[in-house]
Amino acid sequence: MLTIACFNLKGGTGKSTTAINLGAALATSKCKVLLIDLDGQRTLSFGLGFDGQTPTAIDWLTSGEAIAPIATKTKNLCLIPGDIGMFRLAASDDLFTPSLKGIRPLDFNIVLLDCPPSLGVASVQAILAADRVLMPTLCEPAALKGLSEAIGLIRDDAPDKPIDVLRVRYRRRLALTREADDLLIGSAEDLNYRLLYSSIPENIQVAESIAQQVPVLEYAPKSSGSAAYKSLAKEVSKLWKVK
Ligand SMILES: Nc1ncnc2c1ncn2[C@@H]1O[C@H](COP(=O)(O)OP(=O)(O)OP(=O)(O)O)[C@@H](O)[C@H]1O
Ligand SMILES: [Mg+2]
């Protein structure tokens with residue numbers, strides 16, 4: 001069972017949207033996926049129509065018992081919903097490693113942890129316990145400062161953690177995008193991350209699908225956003241050797 005922390009220090013970079021839609025794309029290719037919403041804002045839970053349901057991420061992390069994830073309407077896609085209590089989560093011991101051990105590896109091939117945009121307990125422990133980090137970023141020179149800071153902070157505690165950077169809300173034709181692309185390609189070696197080949201275009205149907213509470217693959221299967229998340233799922237399945 002592979003565990004991926006979906007993280008960026010900056011807010012609004014498409015972490016939750018990516019967790020939902022990459023999760024759904026992997027699930028449609030027969031991979032058994034568990035999404036865990038670690039953010040008190042609960043965008044991921046809302047985006048799948050399960051906000052307010054239990055057991056939540058707090059139950060998973062603090063009850064000391066194995067809990068049953070909720071099956072979503074998408075086959076092979078399960079969820080542990082978020083909890084407003086995540087804003088207050090405090091812990092000095094590692095809550096994540098034992099909680100991840102409580103998930104039966106036979107039930108899931110991959111766990112996607114949707115982190116909040118901060119380096120609080122949830123994000124730090126999730127990143128340390130995860131096998132890899134997936135870092136969605138906007139492709140604008142200003143956003144890249146936040147990206148290098150986030151990577152620097154991860155490197156302080158986890159120098160060898162593999163980090164894959166994903167360009168989201170990508171607008172190919174803009175000069176600004178090309179400038180940011182050059183910077184992203186140029187700093188990959190120095191900062192020790194991999195820039196994923198797939199990118200997710202700016203696509204209104206992706207944003208609408210969150211409000212409609214279904215993955216974009218189901219809401220608008222022919223949209224550019226849906227195609228992009230399918231390509232991403234193919235790319236990471238190979239790179240990460242998802243069973
Ligand atoms: N490909 C896309 N095209 C258009 N809009 C998008 C796309 N991806 C995400 N969005 C929109 O961008 C906004 C931020 O997305 P999202 O909530 O996934 O970011 P986040 O990084 O999880 O935010 P936070 O840091 O607050 O947790 C949302 O309004 C979402 O609908
Ligand atoms: Mg989010």
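How do the residues of the shell around ligand 1 divide into nonpolar, polar and charged? Figure 1 takes up that point, after a short note on the model.

This is a predicted model, in which local features need pLDDT of at least 70, side-chain atom pairs count only at pLDDT 80 or more, and totals for chains, interfaces and linings use all residues. Residues are numbered from 1 along each chain as its sequence is written, while chains are lettered from A and ligands numbered from 1 in the order in which they are written.

**Figure 1. The shell around ligand 1.** Here 21 residues surround ligand 1, and the closest are G11, S16, T17, P117 and A207 (a residue is near a molecule if its C-beta atom, placed from the backbone, lies within 6 Å of it). The shell divides into seven nonpolar, ten polar and four charged residues (Ala, Val, Leu, Ile, Met, Phe, Trp, Tyr, Cys and Pro count as nonpolar, Asp, Glu, Lys and Arg as charged, and the others, Gly among them, as polar). At least two shell residues come from each of α1 (15-28), β7 (163-170) and α8 (204-212); helices (H or I, at least four residues) and strands (E, at least two) are DSSP runs, numbered from the N terminus.

**Figure 2. The open sheet.** Eight strands line up in the order β3-β4-β2-β5-β1-β6-β7-β8, with mixed pairing (two strands pair if DSSP finds at least two bridges between them). At the edges stand β3 (70-71) and β8 (194-201), each with a single partner strand, so one side of each has no neighbour in the sheet.

**Figure 3. Parallel partners.** With β4 (residues 77-80), β2 pairs in the parallel sense over four bridges, and L34 stands opposite C78. With β5 (residues 110-114), β2 pairs in the parallel sense over five bridges; the bridge partner of D37 there is D114. Strand β1 (residues 2-6) also runs parallel to β5, joined by five bridges, and A5 has L113 as its bridge partner.
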